[in-house]
Amino acid sequence: MEIRKIITLEPSSTEVVSFLDGDTSRIVGVSNKCDYPPEIISKPKIVKSLINVSEEMSSLEIDKEVKKHLASGKPIYEIDWNAIKEIKPDLLVGQSICGVCAFPINSLLSHPHNRISLEEFLIYDYSPRNFYEIFLQIYELSKIIGRKNKAEELLEYLYFFEKELKYLGKSRRIVMLEWIMPIYVAGLWISQIIEICNAKTLIASGEEGRNVDWDMIRNFDPDIILISPCGFGIKRTLKEIDLLYSLPGWKDTRAFIKKNIYVVDSVYTSRATPRIVEFVKNFMEILNENEPRREVMIRLE
């Protein structure tokens, strides 16, 4: 089957297809959360978030709004089925991990056939749960859309990281905070990256990030703390950094004493895309006690 028109239902899928194609010409519909590459913003919005959040809201306010919306039983996303019928895509790409951050592909799969025939197009569930799976699932998708060469180039990074990351962690304790208030610790591919370098983490590879009591992190006494709230850039995170500094014992942690606390732009960590390569490159720099690229992460003094 020739793939000419693709609808991507969430940011990671959009980035992956754009990377494999080298442009956005085959992408004919996206979600309103898709923002990279920049030219994707003008594409038709097939999926829209119904949770009301804004840049002015704090992480705690956002968390409360999301939980309130979920408790109400209302749908989180709205999908334009009529637009799909009109566009007649050959392929839809989405995910089934997070129902809050992105339209889940399983919602599409459960849609009644009398409104739209799912047999008219292919569906690819892009849902890697660890670091290796990001590369392997991108490779699988590349075969579907005829871009194997591009994916094979990306796989070379995986082989490189497997070799170069090994033992860099030196059994240090490392955590990444993926939300500030309440505190969530990242898992999935972030945990596997930490494990590959022979460091220790609170959440095992493949497990989803979860709310963790500060005392647990404090007792873990990490050597390195990475702060990368989902959906936040570096400047946005810095607006709330005092909330962490005010935690009891924050300034007594090894990470604070050794000045090993870093704020990371979440586009390089929370999305399972080729941009994870940039995160790992800079993660290796800090493990080697070098300075990272400031557009990716910054050290807190």
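**View 1. Ser-266 sits in the loop between β11 (261–264) and α12.** Helices (H or I, at least four residues) and strands (E, at least two) are DSSP runs, numbered from the N terminus. The model is predicted: local features need pLDDT of at least 70 and side-chain atom pairs count only at pLDDT 80 or more, while totals for chains, interfaces and linings use all residues. Residues are numbered from 1 along each chain as its sequence is written, and side-chain values use heavy atoms, with hydrogens and water left out. Ser-266 is buried, at a relative accessible area of 2%; buried means under 20% relative accessible area, exposed over 50%, and partly exposed in between (1.4 Å probe, protein chains only). Look for two partners of its side chain: the backbone oxygen of Pro-229 at 3.4 Å, and the backbone nitrogen of Gly-231, 3.0 Å from a polar atom of the Ser-266 side chain. Not counting residues up to four places away in sequence, Ser-266 touches Ser-228, Pro-229, Cys-230, Gly-231, Phe-232 and Arg-271 (contact means heavy atoms within 4.5 Å).

**View 2. Helix α12 covers residues 276–287.** From first C-alpha to last, its 12 residues reach 16 Å, close to the 16 Å expected at 1.5 Å a residue; the expected span is 1.5 Å times one less than the number of residues. Nine of the 12 residues are buried, so α12 is largely enclosed by the rest of the structure. Among the buried residues are Ile-276, Phe-279, Asn-282 and Met-284. Just after α12 comes Glu-289, with a positive phi of about 65 degrees.

**View 3. The second largest pocket holds about 260 Å³ of space.** On a 1 Å grid over the protein atoms alone, a pocket is an open set of points where a 1.4 Å probe fits, with protein on both sides within 12 Å along at least five of seven lines; lining residues have an atom within 4 Å of a point. Grid points are joined across faces, edges and corners, and the volume is the space filled by probe spheres set on them. Of the 16 lining residues, Glu-15, Phe-19, Tyr-36, Pro-274 and Arg-275 lie nearest the centre of this pocket. The elements giving two or more residues to its lining are α1 (11–21), α6 (148–165) and α12.

**View 4. Helix α7 (residues 188–196) is mostly covered, with eight of its nine residues buried.** Trp-189, Ser-191 and Gln-192 are among those buried residues. The buried residues of α7 pack against α5 (131–145), α6, β7 (174–179) and α12. Asn-198 follows α7, and its phi is positive, near 70 degrees.

Definitions and conventions
Polar contact = N/O pair within 3.5 Å; in protein donor to acceptor, adjacent residues only side chain to side chain.
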